[in-house]
Every structure is written in structure tokens, then in C-alpha cells.
Amino acid sequence: MAAGAAHRAGALKQQNKPHKGRKQRPGAQRRAAGRVSAQTLSRRRRRDLTRPDRRHQALQLRRQRKEAVLAEKRSLGSGDGPPHLVAVIPLHAGVVTRDVLRLLQSDESAIVREDERAEGFVLLCPRFKQRWRFVAAPTGNLHAVLDLAKVADTLLLVLDPFRGWDTVGDYHLSCLFAQGLPTYALAVHGVTDLPQKKLTDAKKNLSKAIEKRFPDAKLFPLNTEQESLLLLRHLATQKRRHLAFRDRRTYLLAQDVEFVPSQDSDLAGTLNVSGFVRGRTLSVNSLVHIVGHGDFQMSQVDAPPDPFPLNRVAKGQQRKSQDMEIQDDSVHGAVEMEEVVKVLLKVDPRRQESLQSEAIPDPMEGEQTWPTEEELKEAEESLKDRRKVLKVPKGTSNYQAAWIVDDGEDGSEEEEDDNMDDEDLMEDASQAGESSEEEELVAEECETITVGASARDDLCDEKREEDEETLEKYRQERLDQMFPDEVDTPRNLSARVRFQKYRGLKSFRTSPWDPKENLPQDYARIFQFQDFSRTRKHVFRRIEKEETEGAMVGWYVTLHICSVPSAVMESFRQGLPVVLFSLLPHEQKMSVLNFVVRRHPGNDEIVKAKEELIFHCGFRRFRASPLYSQHSSGDKHKLERFLRPEAALVVTVYAPITFPPASVLLLKQRSNRMHDLIATGFLLSVDPDRIILKRLVLSGHPFKIFSKTAVVRYMFFNREDVLWFKPVELRTKWGRRGHITEPLGTHGHMKCHFEGQLKSQDTVLLHLYKRVFPKWTYDPYVPEPVPWVRNDQQLPMQEVEME
């Protein structure tokens, strides 16, 4: 090596690991004495509690929950809270409601105030320091029973000692369980003159009968005054059950209603509803929903004197005898009448919720710019290309020839109504020419005469029409089960024109479909959330944390509701309950609601898609014509033509926004205005982007089969259709996949290639899809049903079988 040359490291120089950190000095660890950073210490304290601390924390949580439950029980029915609302529902025709109510007011130390308009009373019990309001449901009226169950604190279900419940009672129980059953109690009211042995046997048989519906319930006899006191004590101390849709809303059962007509018309005016506030604090700026009648605004809230004061009654009983109490109550009533009603709250127009339920579409939103000269020339050339040579009679002018319709132009028009089945459309197209000629011949050969028909004949004709409609529905459902979504290709119409709105999909699960593509005009009227679940959480969080200014729970108030129809007052005069619910933000706006439902096992009626049904969704009641689709996890869902009994389906309708959880009941109205329970379920989501696809299946028969190639016929009937649907994938009923290779001839035969050899009994299928939307048939008004008549001659009774 030359002198003065520097050493350079080679490529294989050893690389040592760098030091991980600075070396601690001796004694540094001793001075730390095991201390750690404050952040680590706080996390450890939160996570790692000692055993006594964990026990103490669990004890505190248990004590808080117990105190909350006790506070809820004490406030219900006390002087500071609303009266304990008990809805009395008889489940059998043998139960006499008046006798039950008379037994409940048999306490001598209590004061009873009868309800003049409805069957019920208010019971003031100073001994128990409680006040009650008992309301009896109208006999056989399903809507009244469900409305009372929405707001009642307790349901008192009265049974017959020997038969339990009848057909109507079982029907009401099914609807109550589907809607959500609040706190309930079972009472048995019956004959006491029978021997004790028979009564004991009847009680045992009844206990066996109710084990399935009420597994943990206790039966309370209701025949004497002592038994009624025991029942009242049980109602006051039993565990409370909550309904999800009313925990976050204010609700009220009308005690008194007054209607003030407006100056313009007597059909609408201001409705003054008096009652006790329940649930949450009532804000005058929010909207209220009158069940069965719609959404309304309030103008002000008054604070009249409490009509059932518990404290004054207790003091009057201590000073005077019962005879003097009546006089004292009358004096207090006179003093209260002289008191001036105080205005508690007035609406603030700047903060009041709007009644706007639909968005106002802008007709100029999709307007384009003025076309250029090149575009105008292209349009003229396309019009020249569309000119056709028509065979017309001699002497026909150009104006007359323009009105002559070619046979092939009928299929280019769009479908007017998607509710029509594809089979019906094809039958109409094929039989249109024949029917017109037959009608002309019949008109020439026949004459018309008038014959007087009797009422019996009209009834028979109506019955025959109903039977024919039912038979047609049964035939269509049977065909759809045997050949799902299969249709026949029309022979007198081109398939590419008849199915021009449909498209093929490579994969139903993974193929893309834009949810904003080709939306109907009704979608411009609805509202949509950017993230519905996030909005729902934000609204619920704001309700729980923020304090609302308004009428507190337990106050007796009078609500002045604006622009209410007079039908609400008429229903109140008939003895029907008037129920009010406050609306959360956005709940008055229209959108697309999706429900998950299952068929009720006691109903086997054929229900077709887009048939009008009655919805009980949470606190709402409305009519609509829904769509049915499969309850699947993908982004596309197949349309179902009928409400299937074997699986859960999703029901889609236009309706006002409702925040889940909320239960749903589907009812169907008969021709005699009675309602049948069709299905039950819950609210799934508010999502207009849910894609529902209608599937059509075109079928063909293998004519000649080679190794993996086959000639298929009867799927199409001209060469152009084969070329048009060539890119769509083919499938067979036995699981083969393939595609169209080329057309053969001019009559629709086509050469197809498959992944394996076909069998002669196999069927070749071609799947086409089209997105469908619900129809705007929302109607908030639901007519009152005809009450279920408990009569052996009109309605055969099916009693509960006793062992």
C-alpha cells in the first residue's frame, strides 16, 4: 500500500445496532421511587379499581336505579304528577264493563267523579295519596283500544272466569302485543253464586289457558270491595313497562275538548284540548299530532286550575264529615270557577316549527341551455330518418296520413301504470283487435232491453265479483310460486320495445346501480337525510341533555290548536278518545319509510303489492299502498309481488318521517268496513335510496343440444330481438350459465353456448331488471271501522279451549 493512502471501508463492513436510549445514571431509578406519568396514572385508576371500590361503585349504581324507579312510582298518581291512567279493556262478551267500574269505585273513603262524555270516572283516594282515572274502551272498536294503549299507564284486561277471551278479545290482544304492551294487570270478573269447587277448577283451567300469552302474570279476582282494593294496591306498586315510541315525546289524553269555529268556515277552527301533560315537557313551539287526524300547530298554552286536586280533598276530609265534604267541594268548585285562567305560554313565530311536509320542486332545476345550430340540424336529420312509408287509401292527404298509427308504434309508448301485471298487458295487446271486431258484430246483431233487478240480485252480483277477484288473485299467486317472475314474450310486439325499461345484470349482488338514476317526479317532493342514523342520534341526544322550556309533566293545561277540522270534535262527542303526541324535529316531513314485517299467523288472505292497507306506525295512523321487497343485506333488493307468509319482507311507502324504534301494524279493510290484521313488524329506516328491482324472466326451450352448444327457441320471435339481448347472460333452471352466440334464421331461434351440456328437460332463462318506486297514496285520514259485533248469529265465537 502506498504511503499516505486513506483506508476505506468495504461493502461488507459490520453495522452495529444503534443504542435505544440514553443510559440512566446510577441512583436515578432509586430517586424515581416507582413514580409514573400523570396520564398513565389516571388511566390506571379509571381501569383498575380495587375490590372495595368496585363493590362501592356497583352499590351506588344499584341505589340510583332503585331511587329512580321509586321516584317514578311515587310521582304517578300523586298530587304533583298526572293521575294514574288505567284503560279497562274487556276481552269477552260476558264481561259487563259497568259492573267492573262500579266495583273499582266501591271504596267508601274515596271520592268519585263521573265522566260525562266517556264511560269512566276519576277516583281520588286520600288514604293511598293517589288519584286514578279509569277509562273503558268502546266495545269492539279496535282504533279506540289501540289509541288508549298508546297513552295508558296501565291496561286492566278483564277476563271471563270460564271462557277467558273470545274471538274479538283474541284479535285485540294480537294487535296490542304487536303495537307494544304497557304495564298490564289481569282481572277475572264473574259469577260468585257457584260452588267453591267449580270456581277453583275454572281458575285452574283459566291459568293454563293464559300461560302462553301471559307467562308471568297473576290473576286477580274482582267480585268484592276487598278484592278491588287489593287490585288497586297492585296497580299502584307493580313494575312499570315503557313503550319506546312515547318515552321521548310528550303525550296527552284529552279530559275536555272545546271547538271554536273560524270566521271563514265552520268546518275548521281552534280546538281547545285540556288534559294532563305526560312523558316529557311540552313546548308550545313544537307541533302536535292528533292521532287519526294529522299534524297541527299551537297558538298558546293555558294553565287552568286542576279539576281533581288531591291535597284539598284530604284537608277537607280531616275537618268535616262526608256530608260536609260535598258542600266543601262545591265551594271550592265555585272558587275555582271564579279564578282567572292564566296564559302559561305563547308561541314564538321565529322559533315555531313549520307545517311544511313536502318540498317544493323547482321546474327550472333541470332546464338546459338553448340548443346550438348543429344540434338543431341533427334533430332535423333524425326526424327525416324516422319518416316511414305507410299504405294509405287513395286521396289521403299528408295531414290525414299523420294520424294513421302503424302496428309497431304501440309498444314504444311508456307504461301508464306499473301496477298492471305484464301478463295482463300482453293479453290486452294480443286481444285488442279481436275484441273490437266482436263488439261491432254483437252491436249489430243484438239489441238492448231494460229489466228491473232486485236488491237480492245486486248482492249476488257483488258477491260473485268478489269471488272472481279472489280467484284471480289466487291464480296469480299460484303461478308466481310455481314460475317466479316468468312472463311470456309477446308475439305481436317486439321484445326490445316491450321491455325497453329493463336491463340485464351480470351479478345481482355486485353489479352497480346508481340510486340517483331516473328518479320519479314524486322524489322532488320528499326530504332526505345525508346520514339518517347520525341525525337520529343527534336529536335524541339533544332531547336528553337540553332542558325544554314549557309545561312540565303533571301540569293540567289547555292547548289551543289551530286549523283543526270539526271531525275531531265529533269523534270526542261520540265517546272516542282524543290522543295527542308532540312531534320531534323533522317528523312532519314526507319521505320514504321502510318497515320489516311478518304475516300474522291467523290471517291467510292473499295480499298483492300496491293494495291499499292501513298502517299503525308508532303513534301515527294512515293509509297507503306499499311495495314489498326481500329483506336482504345487499344494496339491491328484489321486488315481491305478494306478501309472503313464510319470510320477513320489507314494506316501502311514502309517509311522514318517524324516528325508530316504532312498531307497525298492517290492517286491511273489508267490504263491510271491518279491519283485519295482516302483518306486524317494526320501522327499519327512512331511506329513499333503497333500490327495489322488479325482475322479469324470459324462458326458452332447448331445441337441439350439442356438447356445450344448444339451439334455443320460443324466447324471442324475431332476429332483431336476439341481437338486442345478446349481451345479457343466460341461466338455466338446473344451474348452467351461458350466453347468446348468434341468431339462426328470422323466427327467433338462437345459438347459445353454455359451460356444460344441457339436458333436454332443462329451461333456459334470461333475467331482466327495472327499478320500481312506491305510489304516492298517503292519506292521513282513516275512517272509523265498524265495531266487532259479539253475537253468535253474526260472528261465530271461537272460545278458548279449556282442558
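This is a predicted model: local features need pLDDT of at least 70, side-chain atom pairs count only at pLDDT 80 or more; totals for chains, interfaces and linings use all residues.
**Strand β19 and its partners**
- One partner of β19 is strand β20 (residues 620-624), joined in the antiparallel sense over 5 bridges.
- Within that pairing, F622 in β20 is the residue opposite F615.
- The hairpin of β19 and β20 has 2 residues between the strands, and G618 there takes a positive phi near 60 degrees.
- Strand β24 (residues 663-669) also pairs with β19 in the antiparallel sense, over 4 bridges.
- Here L667 in β24 is the bridge partner of I614.

**An open sheet of 5 strands**
- Another place to look is an open sheet whose 5 strands run in the order β9-β10-β16-β13-β14, with antiparallel pairing.
- At its edges stand β9 (256-261) and β14 (342-346); each has a single partner strand, so one side of each lacks a neighbour in the sheet.
- From one strand to the next, the twist averages 25 degrees.
- Inside this order, β13 (residues 298-303) and β16 (residues 556-565) form an antiparallel pair over 4 bridges.
- D302 stands opposite T558 in β16.

**Helix α17**
- Helix α17 covers residues 532-545, which makes 14 residues, and its first and last C-alpha atoms are 20 Å apart, close to the 20 Å expected at 1.5 Å a residue.
- Its buried residues are F532, T535, V539, F540 and I543.
- The face turned away from the buried side of α17 carries the exposed residues R534, K537, E544 and K545.

**Loop residue N141**
- N141 sits in the loop between β4 (130-136) and α5 (142-151).
- N141 counts as buried because its relative accessible area is 7%, under the 20% cut-off.
- A polar atom of the N141 side chain lies 3.3 Å from the backbone nitrogen of A144.
- Leaving aside residues up to four places away in sequence, N141 touches L576, E784 and P785.

Conventions. Residues are numbered from 1 along each chain as its sequence is written. Side-chain values use heavy atoms; hydrogens and water are left out. Buried means under 20% relative accessible area, exposed over 50%, partly exposed in between (1.4 Å probe, protein chains only). A polar contact is a pair of N or O atoms within 3.5 Å; within protein, one must be able to donate a hydrogen and the other to accept it, and residues adjacent in sequence count only if both atoms are side-chain atoms. Contact means heavy atoms within 4.5 Å. The expected span of a helix is 1.5 Å times one less than its number of residues. Two strands pair if DSSP finds at least two bridges between them. Axes are lines fitted to C-alpha atoms, for helices over the stretch in contact, and angles run from 0 to 180 degrees between N-to-C directions.
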